[in-house]
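Subject: Structure handover

Hi,

Here is the structure I promised to pass on. Please open it first, then read my notes below.

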Amino acid sequence: MQMSPPGINLMEVRHVNKHSVVRALHEQGAMTKQEISRTLNLSLATVVTLIKELTEEGIVEQGELLESTGGRKPVVYQIVGNAKLSLGVALTGHHIRIALVNWKHEVIEKYREKITYSNSETYWRHVYQEVMKVLKKERITSRNFVGLNFVIDGNIIPDAGYEDIIPVGIFDGLDVSVIKDMYLCPVYFCNSVKAAAYSNVGKLSSRNTCVYIQFDRTVGGAVIANGTFWGLSNRTGEFGHMYFGENNKKCQCGNYGCLQTYCSSDVIREESGMELEDFFREIEQGNKKLMSVWNSYKKNVIQAVYNLRVIFDINVMIGGEMAPYLKRWEEELKEILRMLDIYQEQKDYLQFSNGGEFDGAIGAALMVLQKEDEDDIEFIK
Ligand SMILES: [Zn+2]
């Protein structure tokens, strides 16, 4: 049994222990009572009592029986995935994408609709109805639903949570408080790049540590450490506005020479006058003129990735609409990065995001679950 620090009563100790059991099962997966006892240094009798209470509360359940090496099969316990659910809703100029994710980070439902964004009552009513449709279909109640996170283009406010952003681009002028008032549950708004990064590297099982850089129409990213954003204000990873070299292209931020003016997917569009798919069809057919556009683009991407590795000394993940194209040159990129490595370690640190269209929605839902896990004092009685 754990010693209680002075000033903490037995009820509080019980609550802390219960919390530890839930956290251990959540982060490490299913365990037997004996394993929980060993992991948390709690007596078996305490674990038995806590598991009984947590099971009655619907937070923990008996899992699959393990293969036995003889004698009785050991019983494992696990968290109930649907004890907590959250929704990510990614909005772009022409689509709504919704993902329903549970506490085990399983994607329960994905939904997409083509609809043009407008900051009008009609549009937001429609979004509300789509959200309600998903929640009703999956019979989600307010008891296990922890919140809703909208993914839009927005600037992050320093020293605020991820939920406080200033809408920009097509969302410029949106009053988020009006939208929040439409819902009875907690509603957040998050930055689209951060959400996409989180879906790739914020996964529960891996507790990943990684730099994510998105090569899309804009260039941005995030630094994820142990499955959560690194930095004081969620602003880390604005790689697109690092000074990269002298050119006469003005960046959207107003400066010249930002990485974004070298590595945005629009660089390919502008220099070739083509859409990406057509451009890469030409490349595969050996178009020499376009090949030089591609080679200089690739060189800039490699330099950006290399710089991030030198600064952070962790894996670098490429995301965004350029990711699937860059992945076709994966071996070449890795080879050059190995040659550049000052330590000559021959390590592959380059990764590619899954790049699915639901990345943003899934990441946003995961962010709500993580926030909820951090302050779930109410959840565990
Ligand atoms: Zn810039």
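Let's start with the metal site. The donor residues of the zinc ion follow the spacing H-x9-C-x1-C-x4-C in sequence. The donor atoms are ND1 of H241 and SG of C251, C253 and C258. They lie 2.1 to 2.3 Å from the zinc ion. Donors here are N, O and S atoms within 2.8 Å of the metal (3.2 Å for Na, K and Ca); water is not among the atoms, so sites may look incomplete. The site is tetrahedral, with angles of 101 to 126° among the four donor atoms. Four donors count as tetrahedral if all angles lie between 85 and 135 degrees.

H241 and C253 both sit in the loop between β13 (228-229) and α7 (260-263), so the pair ties together parts that are twelve residues apart in sequence. Helices (H or I, at least four residues) and strands (E, at least two) are DSSP runs, numbered from the N terminus. H241 is partly exposed, at 31% relative accessibility. C253 is partly exposed too, at 38%. The cut-offs: buried is under 20% relative accessible area, exposed is over 50%, and partly exposed is in between (1.4 Å probe, protein chains only).

A word on where this comes from. The model is predicted: local features need pLDDT of at least 70, side-chain atom pairs count only at pLDDT 80 or more, and totals for chains, interfaces and linings use all residues. Residues are numbered from 1 along each chain as its sequence is written, and side-chain values use heavy atoms, with hydrogens and water left out.

Now the overall layout. The protein chain has 13 helices and 15 strands. Its C-alpha trace spans about 75 × 55 × 40 Å along the principal axes. Of its 381 residues, 50% count as buried. The domain assignment gives domain 1 (10-79), domain 2 (84-199 + 359-374) and domain 3 (203-352). Such bounds come from an automatic or database domain assignment. The centres of domain 1 and domain 3, taken over C-alpha atoms, are 44 Å apart.

Next, helix α6 (residues 192-201). Nine of its ten residues are buried, so α6 is largely enclosed by the rest of the structure. Among them are K194, Y198 and N200. At the start of α6, a side-chain oxygen of N191 comes within 2.9 Å of the backbone nitrogen of V193.

Last, the aromatic rings. Rings of Phe, Tyr and Trp (its six-membered ring) pair if their centres lie within 6.5 Å; planes under 30 degrees apart are stacked, over 60 edge-to-face, and the rest tilted. The count comes to 18 aromatic pairs. One of them is F280 with W294, edge-to-face, at 4.8 Å centre to centre and 85° between the planes. F280 is in helix α9 (residues 276-284) and W294 is in helix α10 (residues 288-312), 14 residues apart. F280 is buried, at 1% relative accessibility, and W294 is buried at 0%.

F280 also pairs with Y325. That pair is stacked: 4.2 Å centre to centre, 5° between the planes. F280 lies in α9 and Y325 in helix α11 (residues 323-327), so the pair ties together parts 45 residues apart in sequence. Y325 is buried as well, at 13%.

One aromatic cluster is made of Y117, Y123, W124, Y128, F150, F171, Y183 and F189.

Best wishes

Methods: A polar contact is a pair of N or O atoms within 3.5 Å; within protein, one must be able to donate a hydrogen and the other to accept it, and residues adjacent in sequence count only if both atoms are side-chain atoms. Four donors count as tetrahedral if all angles lie between 85 and 135 degrees; four count as square planar and six as octahedral if opposite donors are over 155 degrees apart and all others between 65 and 115; anything else is irregular.
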